[in-house]
Amino acid sequence: MFEAPPEILSNSIILTHLATATLSLIIGTAVLMLKKGTILHKALGRTWVGLMLYTAISSFWIGDKFSWIHGISIWVIIGICIALYAIRYMKRPKAIRIHSGFMIGNYIGLWSAAIPAALTEGRLTHQILFG
């Protein structure tokens, strides 16, 4: 059975960060599999962007020092802003290429943070998955 220290379980930033990151993995996969440009793609994409931004921003309140994961968080925020700007204000097909490139890059970045978090002993994600 999973047993985390009470100070972790009572920390709403860590718990919501973990929840939004997990939802981002699931919704991000769905968005990438959907036909692009549809209402569902756009709706789930907007949801994914919100989840990703919360996950990235909340990471700065977790831990007591800056790490490589915080570097990914900065890049996620920048990448999402560029992707949204491209799809909203740039001319196609360049806009689509830039938008999809940055969104796929952010999705890969999400996995590059999630996998070490899950496999590193002592981290909450590892404790949840492996006890």
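**Pockets and helices, explained**

Author: Hello! The lining of the largest pocket holds 24 nonpolar, 13 polar and 3 charged residues. The model is predicted, so local features need pLDDT of at least 70 and side-chain atom pairs 80 or more, while totals for chains, interfaces and linings use all residues. Numbering runs from 1 along each chain as its sequence is written, and side-chain values use heavy atoms, without hydrogens or water.

Reader: What makes a residue nonpolar, polar or charged?

Author: Ala, Val, Leu, Ile, Met, Phe, Trp, Tyr, Cys and Pro count as nonpolar, Asp, Glu, Lys and Arg as charged, and the others, including Gly, as polar.

Reader: What makes it a pocket?

Author: On a 1 Å grid over the protein atoms alone, a pocket is an open set of points with protein on both sides within 12 Å along at least five of seven lines, and lining residues have an atom within 4 Å of a point. The largest pocket has a volume of about 980 Å³. Among the 40 residues lining the largest pocket, the closest to its centre are His17, Ile69, Ala117, Arg123 and Thr125. Helix H5 (94-119) gives the most, with 9 residues.

Reader: How do you know that the span of helix H2 agrees with its number of residues?

Author: At 1.5 Å a residue (times one less than the residue count), the 22 residues of H2 (12-33) should span 32 Å, and the end C-alpha atoms are 31 Å apart, so the two agree.

Reader: Which residues of H2 are called buried?

Author: Buried means under 20% relative accessible area (1.4 Å probe, protein chains only). In H2, Ile14, Leu18 and Ala21 are among those that qualify.

Notes:
Helices (H or I, at least four residues) and strands (E, at least two) are DSSP runs, numbered from the N terminus. Buried means under 20% relative accessible area, exposed over 50%, partly exposed in between (1.4 Å probe, protein chains only). On a 1 Å grid over the protein atoms alone, a cavity is a set of points where a 1.4 Å probe fits but cannot get out, and a pocket is an open set with protein on both sides within 12 Å along at least five of seven lines; lining residues have an atom within 4 Å of a point. Grid points are joined across faces, edges and corners, and a volume is the space filled by probe spheres set on the points.
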